[in-house]
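Let's take a walk through a protein chain together. Have a look at the picture first, and then we'll start with the whole and work down to the parts.

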Amino acid sequence: MDKYICIHGHFYQPPRENPWLEEIEFQDSAYPYHDWNEKITAECYAPNATSRILDHEGRIVEIVNNYSKISFDFGPTLLAWLEKRSPDVYQAILEADRVSRNNFSGHGSALAQVYNHIIIPLANPRDKHTQVLLGIRDFEHRFGRKPEGMWLPETAVDLETLDILADLGIRFTILAPHQASRVRRIGVRTWRDVSGGRIDPSMPYEIVLPSGLTINLFFYDAPISRAVAFEGLLSSGDNFAHRLLGAFHGERDWYEIVNIATDGETYGHHHRFGDMALAYALNYIESNKLASLTNYGEYLERHPPTYQVEIFKDTSWSCAHGVERWRSNCGCNSGANPRWNQSWRTPLRESLDWLRDTITPAYEKKGKLLFNDPWAARNEYIQIILNRSPDCVKQFLDKHAASNPSEDEKITMIKLLELQRHAMLMYTSCGWFFDDISGIESIQVIEYAGRAIQLAEELFGNSFEHHFVELLDQAKSNIPNRGNGRSIYERFVKTAIANWEKLGAHYSISSLFEDYPPHNKIYCYSIDRQKYQHFESGKVKLAIGRVKMTSEITTESAQLIFGALYLGGHDIKGGVLRFQGEESYRAMVKELGDAFIKECFNDVLLLLDKHFEKSIYSLRSLFRDEQRKILNILLKSSLAESEAAFSQLYEQNAPIMRFVTSLGIPPSKAFYSIAELVLNSKLRNAFENEELDIEGIKALLEEAKLQGVSFDSETLEYSLRMNIERMAEQLLASPTNISLLQKLEEALDLTRSLPFMVNLWRPQNAYYKILKTVYPKILKRAEKEDESAKVWMSHFTSLGEKLSIRVR
């Protein structure tokens, strides 16, 4: 009998965007990366697109796209982020699905996923249908085909959901073995109990649904999946391959499929180099013809189910209590904080359910006045989410509008649909998965609720916030100073809420430090600068202007006037108001400008209060990324001055401290701290320099060794890596440039002398591309005794050795 192996990776990150900006803001916990999506992309999503297969000497012999050899699903919101922020990885994922169709008899390996990873058995029927439909439509848009299978978040399942999947054309999904109740051969009446995870996972099963429709179910091999995810099996690609092969049983009289399923992040993020273990195992099995690699669609076509199954409803793969992890204190948690409880889960879900159920009648009532069918419009709103161009918006509104809407009515229609989008985003599963309501994932779902509340109050005129936060009162944090859901809402959500005035404050204050063009974009808002004046006197600055801001999401706009004053340090004050007319604007400009020219800065402050009254803002008002950017600008000169002073102090005392160290006497803590700061700073600056001073860097490293200072390895590695990656990109653009080859060689030689490892993943990728495209042509020239080709070959081969890539 033929043997089949299918490895499934469930790749997912929760949507992390600020709901008012549609961008992810800086996340400190992901340092040195900007945010967790960026971090996990670097550790997992990108490496799996270009994974390494090594020889016995540890050299790279092949770089492969793992996605083309496995089954996988990616969350739609994650794919949207990758498309925008990591397009090379995004394209590699799409290309893998195209390649997999050639590998697997026309069946693509990508599966669809429920749109924003809600726990679907806990949703109402309408939301279930919309979430499945949006996931399918998003998949079709990206992969250019209909999905055969769909991943259910946390494999959480009920019969109603399976009926929706089957009705919408989904052929199969994947579940955990313990979710199966009983099985029987098709055509036989007698059922056999398989509860407790005793179902045979080496075949597919058919389930007959309440509607009379059927869908196919695969149950993954739990022991191997658990070993991959939690027991260190990925520490060896060889062990991984043999564990998979060892799951076959010769006595079975059907074509066995060994299939496993884990979070895709297992391969690289949870387990470093897990992608390479996966690549090795796949290559070992395939090259030695030990089994056929397949995906679920191909296997199902060749070997349809011969057994039927019934399942336990309201179950999942990550909660021993069904789906209680997402609504109660069931005891399931990360294990990191054993004394904490998760009683907050119930009031969090109840507050969101109240909000959803309260806004639904209002949405339906207002929606019926504007749409042919407000729920059909919601189901098709994915068309605009995927393409917010004016033409796409017009086509959508032309199709769904009940009449010929005015411009204001068009804005209202979009805002109604945005209300519904955020009312679904607020149910993203990660909001309940972890240990405390103050975690970033829980705050994120409350932020989505905050945006839904803001839209609902603008659309319907009612107050929704008051009762919502009253319900959140019951959600107690385990961290005393975080309080409860209400205080978390006040502290994290209210401060994130953006309105026109706050957006204007962000623009006006940041314009003091950035030279914005007349037409600009800040996050999801386009800015049309109508008038602007900038004054400077020493360090003091004043900006006055008028702008028109337009939301690229709702298409609504506002005209604002502003004045912003910088007095030095972090002392910034700005005012923003809606434009009231040319006369009042001119009066404001004249008064502020005249006072500034006379250097009457106190008068400028008083005039800001006079013209803008309560609409006054400061550096605290900026969004986090811009806030950090400006703080870095403000601190740069101060830090430079401090570093210069410390550097002078170090240079003056370094000789005697070297002598002290040579005597075996420990240096004073004060001098050690100065040495550590100065030498790390000098190394960072040297690593960031476009032209690396190799000898100067070696001298600094030797000095640091003599002084016994600790290296800021994370920062230094990042600085040098960015420089080497820039060189590699230059070489990729001009691969025959011998000077670039030599520079990169020197930089790689330097990395070998460092007390920390430098990640050479991107330079290896660039080199491998040149090896596969340019190298064969130059090799032919070198074989014909072309001297320049020989010189290039010598340097290129040497560079390959330094990058641990085998050149045949």
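Among contacts in the chain (heavy atoms within 4.5 Å) between residues at least 6 apart in sequence, 69% join residues at least 24 apart. Before going on, a word on what you're looking at: this is a predicted model, where local features need pLDDT of at least 70, side-chain atom pairs count only at pLDDT 80 or more, and totals for chains, interfaces and linings use all residues. Residues are numbered from 1 along each chain as its sequence is written, and side-chain values use heavy atoms, leaving out hydrogens and water.

How does the overall size work out? With 808 residues, a compact globule would have a radius of gyration near 28 Å, and the chain's 30 Å agrees with that. The radius is taken over C-alpha atoms, and the globule rule is 2.2 Å times the number of residues to the power 0.38. Along its principal axes, the C-alpha trace spans about 95 × 80 × 60 Å. Of the 808 residues, 56% count as buried, meaning under 20% relative accessible area, with exposed being over 50% and partly exposed in between (1.4 Å probe, protein chains only).

Now for the parts. The chain has 29 helices and 20 strands; these are DSSP runs numbered from the N terminus, with helices (H or I) of at least four residues and strands (E) of at least two.

Take helix H8, residues 274-287. The expected span is 1.5 Å times one less than the number of residues. Buried residues in H8 include Gly274, Met276, Leu278 and Ile285. The buried residues of H8 pack against several elements, among them strand S1 (4-11), helix H1 (36-49) and helix H7 (237-245). After H8 comes Lys289, with a positive phi near 55 degrees.

Helix H27 (residues 761-773) reaches 19 Å from its first C-alpha to its last, close to the 18 Å expected. Trp761, Tyr767 and Leu771 are among its buried residues. What do the buried residues of H27 pack against? Their partners include H1, S2, S3 and helix H29 (787-802).

Finally, find Gly450 in helix H16 (residues 440-460). Is Gly450 buried or exposed? Its relative accessibility is 1%, so Gly450 counts as buried. Not counting residues up to four places away in sequence, Gly450 touches Trp20, Tyr489 and Val493.
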